[in-house]
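Here is a colleague's note to read alongside the model, written as numbered points. Please keep the structure open and look up each residue as it is named.

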Amino acid sequence: MKPLPIDSVMTEIVAAVQRPGGAVVVNASPGAGKTTRVPRALLDGGLAGDGEIVVLQPRRLATRLAAMRVAEELGEAVGATVGYQVRFDRRTSDRTCIRFVTEGVLTRQLLSDPELKNVSVVVLDELHERHVHTDLALVLAERLRRTQRPDLRLVVMSATLDSGKVASLLGAPVIHCPTRLHDVAIDYLPQPSREPLDVQVATTVRQLVRDGLSGHVLVFLPGMAEIQRAMTTCRAVAEQAGLKVLPLHGALPARDQDAAVAPSHRGKLILATNVAESSITIDGVTVVIDSGLARVAHHSPSSSLTALRLSPISQASATQRTGRAGRTGAGRCLRL
């Protein structure tokens, strides 16, 4: 396996979790390898015991891809030692010791099996995203660890989390791994543009091509509508540069998502929502173009309905997006 920065602190992480009722908070920069390497190290350290290691991911795409990567490193098919479970899709077996799940799946398991009888370790990845299901899972798992299941182990991981507060809640040490595998240069537009977002993206891609683009380009856009417009606007410059334009969002079938993230000798222009923001590696991405926007669910007290609203992203999200360009080589992030 290729060495990753997280490997340098893996002994400390496993030792902290091996303590009775052990818990640890891992703060590692994007691209350090925590999502795929930590669960396997816990398995190799015998921490699954007669149960399983459950790894919580905030998105279905990241859940599937993380399971596929760990299984590949073990030389096995998904569903053997390593499996995953998302809504309407499950690939596990009686042999599965590491199960990657989305947050809703873990919440339902806690409701149907409050003691998590077959679970030895719960790993909460990307906790900084602070979804309701993730926060609920953290609180319920910690309460369980303090009451009926003192043998339950907890691992919390993030690149941008305020680690001290979570560590205080869990009574756990914080292990830092700040080293990024590759450097990423961050550039900004000289001044805000009034052009439509799709035009800004096409202009930026055209400039990258003039400068001698090498590798894939990953563009973060707020939603599917913006992706469709950008696909149309960028078609001419992509054809000129020999780039394959691919969308990437949560509503796509799994085969189309896999096509966007699969290794390719041909350059790709990947137009994505925030599903590609964390916990996934797209080999060959050298440039990230970040719109700085996302569609965020907001609850209206007056109507009791939830609606998606276009909003600026947080600094934590900006850091995560930048990290997609530093996974397999030095990269560059252009913030619009």
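This is a predicted model: local features need pLDDT of at least 70, side-chain atom pairs count only at pLDDT 80 or more; totals for chains, interfaces and linings use all residues.

**Note on the domain contact and the salt bridges**

1. Between domain 1 and domain 2 the count is one salt bridge. As for polar contacts, nine residue pairs are counted between domain 1 and domain 2, both residues of each pair being at pLDDT 80 or more.

2. On the side of domain 1 that touches domain 2, helix α3, which covers residues 60-74, gives the most, with six residues. Sorted by class, that side of domain 1 has six nonpolar, five polar and seven charged residues.

3. For orientation, domain 1 covers 5-176 and domain 2 covers 184-335, and their C-alpha centres lie 28 Å apart. The contact takes 18 residues from domain 1 and 20 residues from domain 2. Together the two domains bury about 1,500 Å² between them, and 52% of this area is on carbon and sulfur atoms. Within the area that domain 1 buries against domain 2, P30, R59 and L61 supply 36%, which is more than any other three residues.

4. How many salt bridges does a search of the whole structure find? The search finds 16, and among them is the pair of R95 and E76, whose closest N and O atoms are 3.7 Å apart. This pair links distant parts of the chain, since R95 is in the loop between β4 (89-91) and β5 (98-102), while E76 is in the loop between α3 and β3 (82-86), 19 residues apart. R95 is exposed, with a relative accessible area of 51%, whereas E76, at 28% relative accessibility, counts as partly exposed.

5. Are the two partners of the next pair, R149 and D151, buried or partly exposed? Their closest N and O atoms are 2.8 Å apart in a salt bridge; R149 counts as buried at 9% relative accessibility, but D151 counts as partly exposed at 40%.

6. Finally, please look at D7, R37 and E73, which are linked in a network of salt bridges.

Technical notes: Residues are numbered from 1 along each chain as its sequence is written. Side-chain values use heavy atoms; hydrogens and water are left out. Domain bounds come from an automatic or database domain assignment. Contact means heavy atoms within 4.5 Å. Buried area is the accessible area (1.4 Å probe) that two parts lose on being put together, summed over both. A salt bridge is a side-chain nitrogen of Lys or Arg within 4 Å of a carboxyl oxygen of Asp or Glu. A polar contact is a pair of N or O atoms within 3.5 Å; within protein, one must be able to donate a hydrogen and the other to accept it, and residues adjacent in sequence count only if both atoms are side-chain atoms. Helices (H or I, at least four residues) and strands (E, at least two) are DSSP runs, numbered from the N terminus. Ala, Val, Leu, Ile, Met, Phe, Trp, Tyr, Cys and Pro count as nonpolar, Asp, Glu, Lys and Arg as charged, and the others, Gly among them, as polar. Buried means under 20% relative accessible area, exposed over 50%, partly exposed in between (1.4 Å probe, protein chains only).
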